[in-house]
Amino acid sequence: MSIEIDILSGVGGWPMVRPLLESEWPAGSATTPQQTGPEIAHPTLRVLVESDGELVSHVGLTIRIISWNGRKCQVGGLGSLVTRADSRRQGFGAIALRAAVQTLRDHEAIDCGLSFCNDQQADFLLARGWQRYDGEVLAEQRGGKAPIRDLIPLQLDLRRKIRGGTLDLCGLPW
């Protein structure tokens, strides 16, 4: 088995990622994140994991300056972590996550990683060193600013420890 990891721009990687996301989250499905959760931003970068030439896992990275308790902070937002159904439990999601975190670490201006997930995704990230963010998170939603309540906010310390208070994502969540 050969494994290849690519880091592509969000727009440039979309044609490759779209079939994977649509196969795991069919349009109109009750479980589609776009149907059940908040509006989301398109990622700045995409981490793609291929096995034997087939795309098996994806993570989107959104790099943005946000406000934490009124102070500017540059974050790397991790979202749309998905692994093809027939490739799960083989380590591909962990490989994608490690590559995404390393990409954030290599970008020396990133203060911390942030992700917003369901219970299953949260367990995956918590087992890999992420921590729950204990504070309020605000994001743009359908024309206004609103708290994120349906997803679990998680953080990863990089250059800075972000603890408690209010995070304003200054745009859509990822």
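Me: Why is Ile3 called partly exposed?
Reply: Keep in mind that this is a predicted model. Ile3 has 43% relative accessibility, and the partly exposed class lies between the buried limit of under 20% and the exposed limit of over 50%. So Ile3 counts as partly exposed. You'll find Ile3 in strand 1 (residues 3–9).

Me: What makes the nonpolar surface patch that is about 400 Å²?
Reply: That patch is formed by Met1, Ile3, Ile5 and Ile7.

Me: How do you know that the span of helix 3 agrees with its 15 residues?
Reply: Helix 3 covers residues 92–106, and at 1.5 Å a residue it should span 21 Å. Its end C-alpha atoms are 21 Å apart, so the two agree.

Me: Why is helix 3 called mostly covered?
Reply: Buried means under 20% relative accessible area, and 11 of the 15 residues in helix 3 are buried. Among them are Phe92, Ile95, Val101 and Leu104.

Me: How do you know that the radius of gyration of the protein chain agrees with a compact globule?
Reply: With 174 residues, a compact globule would come out near 16 Å; the protein chain has 15 Å, so that agrees. Buried residues make up 48% of the chain.

Me: Which helices and strands does the protein chain have, and in what order?
Reply: There are 4 helices and 10 strands, and from the N terminus they run β-α-α-β-β-β-α-β-α-β-β-β-β-β.

Conventions: Residues numbered from 1 in each chain as written. Predicted model: local features only at pLDDT ≥ 70, side-chain atom pairs only at ≥ 80, totals over all residues. Heavy atoms only, no water. Helix = DSSP H or I, 4+ residues; strand = E, 2+ residues; numbered from the N terminus. Expected span 1.5 Å × (residues − 1). Buried < 20%, exposed > 50% of the residue type's maximum accessible area, 1.4 Å probe, protein only. Patch = residues over 30% accessible without salt bridge, like charges linked within 9 Å, V, L, I, M, F, W, Y side chains within 5 Å. Areas by Shrake-Rupley, 256 points an atom, 1.4 Å probe, with all protein chains shown as cover. Salt bridge = Lys/Arg side-chain N within 4 Å of Asp/Glu carboxyl O. Rg over C-alpha atoms; globule rule 2.2 N^0.38 Å.
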